[in-house]
Amino acid sequence: MSKTIKMLDLLSWKRYNIIIIIHEGGERFFVNYWEWDLQPVQISDELFYVGTRKGPSHLLKTSDGLVLIDTGFPQSLYMLLENIRRLSFDYRDIKHIIHTHGHIDHFGCTIKLKELSGAKTYISRIDNEIA
């Protein structure tokens, strides 16, 4: 039975974008994978992690303003903005958004963030054709 449950969990996650968490007592919780909140972390003097557990985003403080590296899943915009605020930054100070590659978990919030901040966006030529 446990092998069947594990297979169903994997299929559910892939097909329905959810994670099923099963506790030892058999209790189940359904969690959208983009909603796994993560507190922002200062990595170095000028570099911060502001993403979620499954949607990576980094914030770089420069003399030209803030640079956001990747924007995460579209559904996690509110968490990204909150993490930026928790670090006492203002999303309107984002001047550049750089994408490491063209997967939805790296550029999902870009359109909205560009509207909110007026930031310029960057992505590789190859990924620009795909994304």
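Me: Is Ser 88 buried or exposed?
Reply: This is a predicted model, in which local features need pLDDT of at least 70 and side-chain atom pairs count only at pLDDT 80 or more, while totals for chains, interfaces and linings use all residues. Residues are numbered from 1 along each chain as its sequence is written, and side-chain values use heavy atoms, with hydrogens and water left out. By relative accessible area, buried means under 20%, exposed over 50%, and partly exposed in between (1.4 Å probe, protein chains only). Ser 88 has 68% relative accessibility, so this residue counts as exposed.

Me: Where is Ser 88 placed, and what is its phi?
Reply: Helices (H or I, at least four residues) and strands (E, at least two) are DSSP runs, numbered from the N terminus. Ser 88 sits in the loop between H2 and E7. Ser 88 is not a glycine, yet its phi is positive, at about 70°.

Me: Where is Asp 70 placed, and is Asp 70 buried or exposed?
Reply: Asp 70 lies in the loop between E6 and H2. Its phi is also positive, near 70°, in a residue other than glycine. Its relative accessibility is 4%, so Asp 70 counts as buried.

Me: Which backbone oxygen does the side chain of Ser 57 reach?
Reply: Ser 57 is in the loop between E4 and strand E5 (58-62). Its relative accessibility is 0%, so Ser 57 counts as buried. A polar contact is a pair of N or O atoms within 3.5 Å; within protein, one must be able to donate a hydrogen and the other to accept it, and residues adjacent in sequence count only if both atoms are side-chain atoms. At 3.1 Å, the Ser 57 side chain reaches the backbone oxygen of Asp 70.

Me: Which residues is Ser 57 in contact with, leaving aside neighbours within four places in sequence?
Reply: Contact means heavy atoms within 4.5 Å. With those neighbours left aside, the list for Ser 57 includes Phe 48, Tyr 49, Val 50, Gly 51, Leu 68, Asp 70 and Leu 80.

Me: In what order do the six strands form the open sheet?
Reply: Two strands pair if DSSP finds at least two bridges between them. The pairing here is mixed. The edge strands, each pairing on one side only, are E3 (41-42) and E8 (120-122). The order is E3-E4-E5-E6-E7-E8.

Me: Which strands does helix H4 touch as it packs on the sheet?
Reply: H4 covers residues 110-117. Axes are lines fitted to C-alpha atoms, for helices over the stretch in contact, and angles run from 0 to 180 degrees between N-to-C directions. The direction of H4 makes about 160° with that of E7. The strands touched are E6 (65-69), E7 (94-98) and E8.

Me: What is the bridge partner of Val 41 in E4?
Reply: Val 41 is in strand E3. At 42% relative accessibility, Val 41 counts as partly exposed. E3 and E4 (residues 47-49) run antiparallel, joined by two bridges. The partner of Val 41 is Tyr 49.

Me: Which residue in E5 stands opposite Leu 47?
Reply: E4 and E5 pair in the antiparallel sense, with three bridges. Opposite Leu 47 stands Leu 60.

Me: How many residues lie between E5 and E6 in their hairpin?
Reply: These strands run antiparallel, with five bridges joining them. Thr 62 stands opposite Gly 65 in E6. The number of residues between the two strands is two.

Me: How much accessible surface does the protein chain have?
Reply: Buried residues make up 35% of the 131 residues in the chain. Accessible areas come from the Shrake-Rupley method with a 1.4 Å probe; for residues, only the protein chains shown count as cover. Carbon and sulfur atoms hold 56% of the accessible surface, which comes to about 8500 Å².
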